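Please look over the sequence and the model shown below before reading on. The report that follows takes up charged side chains, a pair of strands and a nonpolar core in turn.

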Amino acid sequence: MTARHPLLLALAALAALAGILVASAAAGSEATTKQKVVIGMKFHAGSFVLSVSRPGPLKSDSGTTAEHASDAGCRGISHNGVKKQLCTESRVLLGRRGTLTIRDELEWRDGGSPNSCGVAFGTWSVVRGTGQYEGVTGGGISAYDAHCQKWYAHHKGFLTSR
């Protein structure tokens with residue numbers, strides 16, 4: 001009879017531990033979904049299209065763009081005779097499914113031809129969002145092509161939703 005009691009106590013302890021682990025796993029982490037996105041912008045038209053590559057909480061969206069003033073302005077540098085501008089800029093995407101504010105860290109260079117005012121490469125990250133973008137985090141890489149009167153931007157990256 002004494003040999004059964006330690007075995008019963010061990011089984012009871014395991015059952016209690018399993019219950020605690022299941023309860024803490026259910027309460028401790030919210031489900032997150034990471035989705036690959038591509039954002040195309042036409043500043044001369046004031047428009048954007050956000051495409052999502054796989055199913056998830058974020059859906060493809062489109063709308064208008066609004067540019068905020070540069071966060072930290074731009075500063076000019078020269079490296080090996082090449083002049084560049086390092087800029088931090090905010091963009092607000094006003095879509096049908098919500099508003100997404102992103103921040104670009106860009107390196108602008110002269111376009112090198114009369115038809116091009118400049119090109120830029122850099123990274124972007126989410127600042128805040130509303131609607132389907134509320135609580136979204138993430139970012140990626142960006143490229144800009146400025147043809148003086150027509151500006152285009154292409155952003156690729158990943159957004160994570162809770």
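## A buried arginine and its partners

In this predicted model, Arg91 has a relative accessible area of 1%, and because anything under 20% counts as buried, this residue is classed as buried. Glu89 is also classed as buried, since its relative accessibility of 7% falls under that same cut-off of 20%. The side chains of Arg91 and Glu89 meet in a salt bridge, with a distance of 2.4 Å from N to O.

Arg91 has a further partner in Asp104, and the salt bridge between these two side chains spans 3.9 Å from N to O. This pair links distant parts of the chain, for Asp104 belongs to strand S6 (residues 99–109) and Arg91 to strand S5, 13 residues apart. Asp104, like Arg91, is buried.

The structure holds four salt bridges, and one of them joins the side chains of Arg109 and Glu107 at 2.8 Å, N to O. Through salt bridges that share partners, Lys84, Glu107 and Arg109 are joined into one network.

Strand S4 (residues 74–79) is hardly covered, as none of its six residues is counted as buried. S4 runs antiparallel to strand S5 (residues 82–95), and six bridges join the two strands; within this pairing, Gly76 stands opposite Gln85 in S5. The two strands form a hairpin with two residues between them, and Asn80, which lies in the turn, has a positive phi of about 55 degrees.

In soluble globular proteins, nonpolar side chains tend to be buried together. Here the largest nonpolar core has 23 residues, and those with the most contacts inside it are Met41 and Leu50. Strands S1 (33–42), S2 (47–52), S5, S6, S7 (118–129), S8 (137–147) and S9 (150–161) each supply at least two residues of this core, and S6 gives the most, with four residues.

Which residues does Met41 touch, not counting residues up to four places away in sequence? Among them are Phe48, Leu93, Ile102, Trp151, Tyr152 and Ala153. Met41 also touches Arg91, the buried residue with which this report began.

Terms used: Residues are numbered from 1 along each chain as its sequence is written. This is a predicted model: local features need pLDDT of at least 70, side-chain atom pairs count only at pLDDT 80 or more; totals for chains, interfaces and linings use all residues. Side-chain values use heavy atoms; hydrogens and water are left out. Buried means under 20% relative accessible area, exposed over 50%, partly exposed in between (1.4 Å probe, protein chains only). Two strands pair if DSSP finds at least two bridges between them. A nonpolar core is a set of buried Ala, Val, Leu, Ile, Met, Phe, Trp, Tyr and Cys residues joined through side-chain atoms within 4.5 Å. Contact means heavy atoms within 4.5 Å.
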